[in-house]
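Reader: Can you walk me through this model? Keep it quick, I'd like the packing.

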Amino acid sequence: MASLGGRYFCTAGRGLEPFLAREVRARLGAAEVDCVSGKVFFSTEAEPGELRKLKAGERLFLLLKKRPPLAVSRDKGKMLHEIKSLVIEEPKYWLDVISIWRNFHGCEGKKDDVSQENRLPLKRKSEETNTATKRQKTEQVRETVSEECQVEAGERCVVPERKSSRDCQTESKTSLEDPSKSSGEEPVKNEQLSFSFRVSCRCSGAIAKVLPSQETGRAIGIALMKQCGWRADLREPDLEVIFVHLNDIHSVVGIPLFRLPLANREYIKTAGLRSTIAWAMASLAEISAGAFVLDPMCGLGTILLEAAKEWPEACYWGADISDSQLEGADVNIRTAGLMDKIELLKASVKALPLPSESFDAVILDIPFGKKFKITKDIQLLPDILQETESCMKPAWICDSS
């Protein structure tokens, strides 16, 4: 279990996987870096504070299992059994996993609170009132929350419904007090776990044609409730998500390390361009200390913010024709505390009031393409490129198109 603490995977937007792979190597000294579509797997001994600094990734997970894709057959029961075998382990395994997760978050308690010699419960039901309160809360959640809720794009969060909360608690108590009745394992003595969780299961590719995400997630949730004595909680689970992704490339199980995506920057009050894309664009500009950097269509200033946070020794200028965009950019800059790093001016990209050959790099997200549709404004593209090029020292321009 010691190796669990150093193996992770991070999701990435389409096309950003190479940026993320380079970043984990450079920033974290990562090894065993493996890129697949939408994910980067890696090993590192970096501290949580360093992991939070990743800029090209979306969500970061502690990797529990990574296996080849499951064989698809018409026997749904057999496939569900294989999926549950992938996730379910003896309670001791999950206690160790939760211990690592809690230590990562700096929770109270020593690292050996859950060890091979000392199997402490994660929580104890010390009084009947606590039990009644927890039961009542679970029943309220089940009554007011639908069976499934959207967690992320393409992912479902499911809560088992086949048993009442009373039945689940009774069954959980039986499975923990005498696991041999259900699994043949040695009982975990003097323990009554009260740990809430939710499952996010995503099936894609061939397996999704046989087993939908909802059905698979429900089966995993019920199995965890039986095996570990946990309870499902959609609103405020102790373990936010047990993430399971099954596709034609691999079968992956992990738990998220942070409640919010890495792409949610605390220093950006109003989001414009996706922060991960803005950071990737800025990284291509190879900004050096003392450089002058221009974004002539800055909008809300996301590119400038990402660049100034990562390369603070440079000077940044942003221009835009829209008053509302400049106001939003100013708020973002003040929120980030970068007033001394970024200057804003109102100007048209077709006529920039800036000296020729005065900037070392120009980075711009031209609002033409699938998102904004291609209109007659694209005819202005040659003029835009000519104007921005005139502002640059002999070098090159970083452009999102």
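Reader: Fine. Where do the coordinates come from?

Author: This is a predicted model: local features need pLDDT of at least 70, side-chain atom pairs count only at pLDDT 80 or more, and totals for chains, interfaces and linings use all residues. Residues are numbered from 1 along each chain as its sequence is written, and side-chain values use heavy atoms, with hydrogens and water left out.

Reader: How many helices and strands in the protein?

Author: The protein has 12 helices and 15 strands. Of its 401 residues, 48% count as buried. Buried means under 20% relative accessible area, exposed over 50%, partly exposed in between (1.4 Å probe, protein chains only).

Reader: Now α9 and α10. At what angle do the axes cross?

Author: Roughly 60°, and the axes of α9 (residues 275–284) and α10 (residues 302–310) come within 8 Å. That makes α9 oblique to α10. Axes are lines fitted to C-alpha atoms, for helices over the stretch in contact, and angles run from 0 to 180 degrees between N-to-C directions. Under 35 degrees counts as roughly parallel, over 145 as roughly antiparallel, 65 to 115 as roughly perpendicular, and the rest as oblique.

Reader: Left-handed or right-handed, α9 past α10?

Author: Right-handed. On the α9 side, the contact uses Ser-275, Ala-278, Trp-279, Met-281 and Ala-282. α10 brings Thr-302, Ile-303, Glu-306, Ala-307 and Glu-310. Contact means heavy atoms within 4.5 Å.

Reader: How many residues of α9 are buried?

Author: Seven of the 10, so α9 is largely enclosed by the rest of the structure. Among them are Thr-276, Trp-279 and Met-281. After α9 comes Glu-286, with a positive phi near 50°.

Reader: Switching to cores. Which residues touch the most other members in the largest one?

Author: Phe-42, Leu-60, Trp-94, Leu-224, Trp-230, Leu-239 and Ile-242, out of 58. A second, separate core of 24 residues includes Tyr-267, Met-281, Val-293 and Ala-314. A nonpolar core is a set of buried Ala, Val, Leu, Ile, Met, Phe, Trp, Tyr and Cys residues joined through side-chain atoms within 4.5 Å.

Reader: What does Leu-60 touch?

Author: Leaving aside neighbours within four places in sequence, its contacts include Tyr-8, Phe-42, Leu-51, Ile-255 and Phe-258.

Reader: Phe-61, buried or exposed?

Author: Buried, because its relative accessibility is 3%. Phe-61 lies in strand β4 (residues 60–67). Its C-alpha atom is 9.1 Å from that of Val-253, 192 residues away along the chain.

Conventions:
Helix = DSSP H or I, 4+ residues; strand = E, 2+ residues; numbered from the N terminus. Left-handed = near helix turned anticlockwise from the far one by under 90°.
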